[in-house]
Amino acid sequence: PTGYGLGQTYGTSAGTQTFKSIDKSDVVLVIGANPTDAHPVFGSRMKQRLRQGAKLIVIDPRGIDLVKSPHVRAEHHLPLRPGTNVAVLHAMAHVIVTENLHDQEFVAARCDDRSFVDWLDFIRKPENSPEATAEASGVPAAELRAAARLYATGSSTGTAADLTKRRSNAAIYYGLGVTEHAQGSTAVMAIANLAMVTGNIGREGVGVNPLRGQNNVQGSCDMG
């Protein structure tokens, strides 16, 4: 799913960043992964950055260690129902574009115009709103809206005008809780779209970062 999803959106199946990139992240979004248990070396580095002040969003049915542990606490935990990854990711994108929190300059310079217009028409539909998806996903609409604002701008609060002026480095880390679903490839593409629409791609501290399930998958992708 990562190979296909990132290949369709970015033209390569490799994750976009090195692990040291997290040292520059202001916001970290973890979905479908448990780094402290499954990737403890990187998990330790992530916790170090969170202790330094980076803000955390966890999208996972479980209350994993990162949600609340000594010196680390998620700003937002979205305990979605299994199988609703795509609905939640689309709802986050819906908030970002309908509240004009997307990075229009980045999209104009770096993204395909026709694909963006088609995606925008789809993602703006009322059925993709947090309110419309809340019953199916189990995620309260207000909490999802706050998480989307935090990912897009680095802050959950403030007026719409204030939020549109803010930009921060936001990185997404995901694992097998995303990819081992029938909708895995679609979810990976939704993650890539979130990064593109907010301009969180192409520099340190951002990106789409799969926490691979097997040994040296990233190296294999890097080398083709």
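**Salt bridges and nonpolar cores**

Glu204 is partly exposed, with a relative accessible area of 39% (buried means under 20%, exposed over 50% and partly exposed in between, with a 1.4 Å probe and protein chains only). This is a predicted model, in which local features need pLDDT of at least 70 and side-chain atom pairs count only at pLDDT 80 or more, while totals for chains, interfaces and linings use all residues. Residues are numbered from 1 along each chain as its sequence is written, and side-chain values use heavy atoms, with hydrogens and water left out.

The side chain of Glu204 meets that of Lys24 in a salt bridge, at 3.1 Å from N to O (a side-chain nitrogen of Lys or Arg within 4 Å of a carboxyl oxygen of Asp or Glu). Lys24 lies in the loop between H1 and S1 and Glu204 in the loop between H11 and strand S7 (208-210), so the pair ties together parts 180 residues apart in sequence; helices (H or I, at least four residues) and strands (E, at least two) are DSSP runs numbered from the N terminus.

Glu99 forms a salt bridge with Arg149, their closest N and O atoms being 2.8 Å apart. This pair joins the loop between H4 and H5, which holds Glu99, to helix H8, which holds Arg149, across 50 residues. Glu99 is buried at 18%, whereas Arg149 is partly exposed at 22%.

The largest nonpolar core has 47 residues, and Ile31, Ile59 and Tyr151 have the most contacts inside it (such a core is a set of buried Ala, Val, Leu, Ile, Met, Phe, Trp, Tyr and Cys residues joined through side-chain atoms within 4.5 Å).
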